[in-house]
Amino acid sequence: MSARLAASFLWLAALPLLAPSPPPPGAGLTPDERAEALLERMTLEEKIQLLHGALKEYNPGPLGTAGYIPGIPRLGIPDLHFADGSLGVGNQVGQATVLPSCIASAATWNLELAYDYGWVIGHQSRAFGVNVNLGGNVNLASREPRCGRTFELKGEDPLLAGRITAAHVRAIQDQGVIGCVKHFALNDQETGRTTADVRISERGARQSDLLAFEIAIRDSGVQSVMCAYNLVNGIWSCEHPWLLNTVLKGEWGFRGFVMSDWYAAHSSVKAALAGLDQEQPGGYMFGGQWDRSLRDAVRDGSLPEARLNDMARRVLRAMIAVGLLDRGSERPPLDLARSEAIAQRVAEEGTVLLVNQGLLPLDARSLRSIAVIGANADKGVITGGGSAQVIPTGGPALWTPAPCPPCWGGVVWAPSSPLRAIRALAPQADVQFHSGADIRAAAALARRCEVAIVFAAEWQSEGMDLASLSLSGNQDALIHAVIDANPRTVVVLQSGGAQLMPWSAGAEPMLASRRSRPAGLVMPWVHGAAAVLAAWYPGQRGAEAIANILFGVVNPSGRLPLTIPMRIEDLPRAVIDAPPRPDSPDPFPVRYDEGFLVGYKWFDARGIEPLFPFGFGLSYTTFEFSNLGLEWLDARPGQRRLAVSFDLWNTGQRAGAEVAQVYLGLPPETGEPPRRLAGWAKVPLERGQRQRVRVEIREDDASHPFSCWSEARRQWVTPDGPFRIWVGNSAGRSGLKLSAAFRMPGE
Ligand code: BGC
């Protein structure tokens with residue numbers, strides 16, 4: 001019997017013979033008490049062992065995960081295996097279910113489904129023996145829409161992003177895996193990612209990215225937070241006392257541990273005093289000095305022993321809280337059927353129908369010919385790169401080299417072929433594929449067919465930002481040419497986030513005002529695409545989901561979790577701030593002068609029309625909103641609760657789901673943008689069904705819905721004056737259906 005196994009049975013020996021079934025060790029104690037009891041039995045060396053990864057020994061762990069900390073068998077403390085997993089288990093520890101990107105999860109606006117999404121990650125982590133998940137990327141998507149990690153994010157709104165992330169994390173932890181929220185904080189671009197010095201006001205930070213973290217952390221009880229590579233207002237995130245000690249652990253009451261992003265720690269004792277608990281991947285930085293300097297610092301008093309104990313206690317507590325000390329190391333078999341069903345459902349509910357001029361849903365019975373064009377649609381669907389990359393079960397359909405030097409892992413296409421899925425749903429039609437490499441030939445195929453479905457795909461990865469928001473290569477020209485050849489064209493876009501769509505019907509005014517035709521046009525431009533679907537990175541069952549939407553098996557109910565701009569010049573930064581030289585080791589400023597005006601808040605405040613607003617998405621049915629009612633359920637200041645009620649009516653011909661969104665406008669003197677999302681409900685309705693919907697807004701919610709951050713008072717303050725509420729189906733002007741003014745009770 002191994003020493004570890006023997007140790008875990010030691011407590012059994014202490015039981016009297018014939019005792020009833022033994023209580024688990026630590027039963028009746030809180031995680032803190034159990035952690036404390038363990039801590040008392042640990043040596044200084046053992047405590048320090050928990051505070052850094054084991055890369056120092058050149059041992060990335062037996063599973064090949066991104067991080068590894070050996071356990072302490074004599075105390076029953078198991079090994080920790082840290083693996084990435086924002087959208088499926090990463091680090092190539094095995095073939096796992098590739099979920100649709102996190103942006104797609106956010107586009108479902110469905111928190112139960114987001115929990116299921118996290119279930120897949122938690123369940124499969126355990127199946128691989130991984131017990132710390134490194135997902136939970138919650139920075140705001142539209143702060144820098146070109147960011148190469150947008151596909152890992154949950155959109156541009158702190159409430160939506162925070163709640164979706166919290167649902168993922170809760171499910172992961174319910175599976176007995178330590179969850180993570182990262183990268184704390186304001187880690188919004190990959191250009192110069194290890195030296196970017198983000199400059200932002202306190203209110204700007206508190207009401208944007210930090211708010212998303214606050215919601216994600218407080219709503220999930222997450223047990224780890226990863227600090228970021230970048231600096232915030234001149235201080236490295238991983239040695240930032242205000243971020244880590246004051247805000248995260250102090251104000252938000254975070255009880256888990258803070259780990260560094262990989263190689264993001266710039267000091268040992270200084271970082272530990274600022275709130276960093278664990279250095280990753282470990283022992284490599286400072287020539288292996290982290291543990292030695294912690295030991296020396298405790299001995300010479302420059303690091304109080306109480307703080308070192310706090311660091312170790314936090315790691316132990318996290319392990320205990322998710323059950324790592326009780327569950328043993330058995331691995332459940334992979335439940336692929338359930339995982340793939342969830343992946344498909346997320347793709348079906350997260351795909352957003354942006355344009356539909358009556359072309360969709362296609363009628364499988366009457367169509368005789370369909371052209372499928374572009375983006376390797378005969379083989380699979382694209383997936384994102386970097387540490388969030390997942391190797392699909394069954395292996396990649398295609399694995400092409402990464403188109404940029406700083407990115408790694410190559411471009412993986414998941415084995416879910418749109419061509420095959422379309423053929424399966426339209427067995428009577430002649431469905432032909434063209435790669436799109438030869439635009440004229442592809443257009444000729446489109447012209448010969450009754451309908452053309454053109455696929456476009458834009459790869460993203462950690463380690464890069466997109467040069468622009470335009471589709472790369474010949475894709476825009478291909479789409480234009482196919483539309484010109486056949487007005488009955490559907491564009492299916494697979495992207496990490498927002499892309500410019502000069503060929504979408506919504507962009508017609510812009511195109512019409514151009515003097516020259518878009519490059520690559522082979523026919524005079526007449527109209528935009530008759531239908532456009534934003535499918536994001538749709539995951540391992542993506543093609544089946546897309547086909548179900550195209551043919552009306554599924555009625556689309558995804559809504560945009562980010563604004564799609566008309567032009568790059570409409571963003572707060574037309575060009576990404578970059579270091580003076582790509583290899584410069586010196587910090588360089590990245591100025592977020594827009595503060596909390598991220599995404600639709602920026603567009604609204606500046607009066608700029610986007611191409612498609614936040615929250616927007618079409619359905620194959622229609623909905624009507626009416627009879628807005630406001631009722632205070634609690635009027636006591638600090639605990640005020642407002643019930644917003646309205647009728648929602650499915651007025652169309654088929655069942656569908658609407659995402660009813662509630663926006664709040666604060667009194668004008670606050671300097672707030674016109675609207676902020678304050679709640680939503682995703683409501684499935686049968687044809688003709690009408691339902692009273694209620695969304696509650698609570699003053700004590702982690703999102704501070706009625707408040708602004710006061711820099712003078714250093715706290716959240718609920719202003720006096722008239723508030724306004726809107727209910728509708730997007731943040732755009734035409735999406736705001738009902739509105740009413742109110743004042744806070746007790747003002
Ligand atoms: C990424 C993290 C990731 C870590 C471990 C870093 O490069 O920024 O998000 O969790 O690597 O793979």
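Strands are taken as DSSP runs of E spanning at least two residues, numbered from the N terminus, and two strands are considered paired if DSSP finds at least two bridges between them. The structure is a predicted model, in which local features need pLDDT of at least 70 and side-chain atom pairs count only at pLDDT 80 or more, whereas totals for chains, interfaces and linings use all residues. Residues are numbered from 1 along each chain as its sequence is written, and side-chain values use heavy atoms, with hydrogens and water left out.

An open sheet is formed by three strands in the order β1-β2-β3, with mixed pairing. Because β1 (67–69) and β3 (132–133) each have a single partner strand, they stand at the edges, and one side of each is left without a neighbour in the sheet. Strand β2 (residues 80–83) runs parallel to β3 and is joined to it by two bridges. Within this pair, Phe-82 stands opposite Val-132 in β3.

An N or O atom in the side chain of Asp-84 is 2.5 Å from an oxygen atom of the ligand. For the side chain of Arg-149, the corresponding distance to a ligand oxygen atom is 2.8 Å. A polar side-chain atom of Tyr-229 lies 3.1 Å from an oxygen atom of the ligand. The protein covers 93% of the 310 Å² of accessible area (Shrake-Rupley method, 1.4 Å probe) that the ligand has on its own.

Conventions
Helix = DSSP H or I, 4+ residues; strand = E, 2+ residues; numbered from the N terminus. Polar contact = N/O pair within 3.5 Å; in protein donor to acceptor, adjacent residues only side chain to side chain.
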